[in-house]
Structures are given as C-alpha cells and as structure tokens.
Amino acid sequence: MILDVPTASDFQNHGARFLNLAWDVVVRHAKSMDDFEHFGDTEDFEEDFWRAAVDDVGLALALAHTGVDHLLKAGIASVSPFLLISSTPREWPRGCDKDDIPFAEFRTVDSQDLVRTYNAVAPQRLPDAFLQQHDKLRRVRNRLIHTVDHRLTPAVKDLVLAVLVSTHYLAGSGSWIAMRRKGLEASPIATLFPDSGPLPTLNQELRHVVGWLGAKELKLYVGIDKKRRLYSCPRCLEECERDMQEHFEGVAQLTPGGPGARFLHCVACGEQSEVARQRCSSEGCKGNVRDPSGEVCLTCNC
Ligand SMILES: [Zn+2]
Ligand SMILES: [Zn+2]
C-alpha cells in the first residue's frame, strides 16, 4: 500500500504558508513605499527602492505560484489524492507491489498540468477570471526571474490580486483573510508580542490593499465597497496597543449603509458590531459613528 498519503487539508495548509510568505515580502515592501510617500515627493527614491527589491519580488512571485499549485492539488486531492500520481503503474517506484512505499516517492502531476487535471476531476471548473490571473502570475514570475525588469509596481498588484483571486476560487470566498490571520498568528514575530493579536496588522495591510485594487476587484475578492467610508472596528481597535490606537485605520463599513445604519461589519475579524450614532466632538472630525458605549469615535479613534 501507499504510505503517508497527503490529504486536501495538508495541501491547503502548505499552500497557505507559501502564500503568506509571498504576501509578507511584497506587502512589506509596498507598505514601506506607501508610508514613505506620506513624507512628500518620492519620485527620486522610488526607482532605486524597487530596483533594490527586484530579487525579493521575483522570489515572492515564485512562492505565490507554488502556493497556488498547492491549492490546486488540494482541490484534486479532495476528489482523490491518487489522481495526483501522474505515471502509469509500470513506471511506479520499483518494489511498490512488494513493499509499502511513501506517496512522496511517486511521480506526481507537473505544475503546468494541474489546472487541466483540476478542471477534469473537480465538480466545478475554474472560471476564466482564475485562468487569466493564474497565467498572468506565471508570466510575471518568469519575466522577473529570467530577465532584469524594473517595472515592479504592477508586479506588486499582480501578486496581491493573484493571492486574492486564487484563494477565492480554490478555497472559498473571503478565505484569504482567514488564511492571512492564521499566518500572522503563527509568525515568529507574534511570539515577541504575546499580548497583541494579528488584527491590527491585518487591518493595516487591508487598508493598503484598498489603495492598490480597483472597486470591482475589492468588492468581489475582499468584500469592501470602495465608494463607502471605512471605520475602525471596535473589536480590532481593542486589540491594538493603547498608544498606537490614534494611528489605527480600520476596514469596517456600515451595514446596510446610510445615516440610520446601526451596525458595522469588519472584513478583518469578520464581526458585526452595533454602534452608537453620535457626532464626534474632536476638532476637525466629522464622524458620527461611535462604539456601543459611545466613548470612542470610530472615525478618529478619540
Ligand atoms: Zn474587526
Ligand atoms: Zn472623531
């Protein structure tokens, strides 16, 4: 018999790790550049910055591609992991009919055949939106790994979108936010701050994603309406260290919207919170959405 046969959730967990690593690299760089832009004109620095980041971004794209391969394998393995064995019985490891052999010793489906295999066996075929994004990720990865190309800013958006689109179609709508939250919780940096959770970082990353994506992509893959105001979510704000709260920027939106709306939905923590509608008295703040106790303005956090 075949030993150590991987399950769909093994592949999904591995995929999430690769995607988290890729996301870490690219989002960290893009956040640094975005934050630096707040200090003024960055045109002189931007080209040098991205030129220095070219290898990191290329490797991150390769990691993301491997991550998506694992999610495709998860989908195939959910039908049967044995569909991933690509060779005929004649080509299987020597002695496999006499001894138990680990699955890892069998030749498995090549990366370029995974989409074809998935579409042949999965109950639902992957849509064009996935196929186009997957092909684009491969082309951008090849371009950056095999050539010297300094047009990197679009590559950052390509990677962010590839992660969001792939997880949306292969692991379910909104699944990336849950994978990212777990990834941040499991990160070595989290062990240095045992009292704070992943939500403040996740909110910060999603605020950058709001700036990078168009309205249609943002609504479909993240669940945020770009045309509507973003508020701090009381639960996420609570997880933020007190002296950092004034800088906290949330990703919660009123649901269903409008002046009488009394609930905020937050895509970072997934919670819906009741809010109080009262004007903020802080100078310059036009907010009128406060936490349930009415103590904190969810626009300026004061
Ligand atoms: Zn929240
Ligand atoms: Zn306020």
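The C-alpha centres of domain 1 and domain 2 lie 30 Å apart in this predicted model. Domain 1 covers residues 2-192 and domain 2 covers residues 196-302, with bounds that come from an automatic or database domain assignment. The contact between the two (heavy atoms within 4.5 Å) draws 19 residues from domain 1 and 19 residues from domain 2. As a guide to reading these values, residues are numbered from 1 along each chain as its sequence is written, while chains are lettered from A and ligands numbered from 1 in the order in which they are written. Local features need pLDDT of at least 70, side-chain atom pairs count only at pLDDT 80 or more, totals for chains, interfaces and linings use all residues, and side-chain values use heavy atoms, with hydrogens and water left out.

Together, domain 1 and domain 2 bury about 1,800 Å², of which 69% is on carbon and sulfur atoms; buried area here is the accessible area (1.4 Å probe) that two parts lose on being put together, summed over both. On the domain 1 side, Lys31, Ile177 and Arg181 supply 29% of the area buried against domain 2, more than any other three residues.

The side chains of Lys157 and Glu217 form a salt bridge, at 3.8 Å from N to O. Helices α1 (8-37), α6 (153-171) and α7 (175-186) each give two or more residues to the side of domain 1 that touches domain 2, where helices (H or I, at least four residues) and strands (E, at least two) are DSSP runs numbered from the N terminus. The largest share of that side, seven residues, comes from α6.

Is His65 buried or exposed? His65 counts as buried because its relative accessibility is 5%, and buried means under 20% relative accessible area, exposed over 50%, and partly exposed in between (1.4 Å probe, protein chains only). Leaving aside residues up to four places away in sequence, His65 touches Ser111, His134, Leu137, Arg138 and Arg141.

Across the whole chain there are eleven helices and five strands. The C-alpha atoms fill a box of roughly 80 × 45 × 40 Å along the principal axes, and buried residues make up 44% of the 302 residues.

Definitions and conventions: A salt bridge is a side-chain nitrogen of Lys or Arg within 4 Å of a carboxyl oxygen of Asp or Glu.
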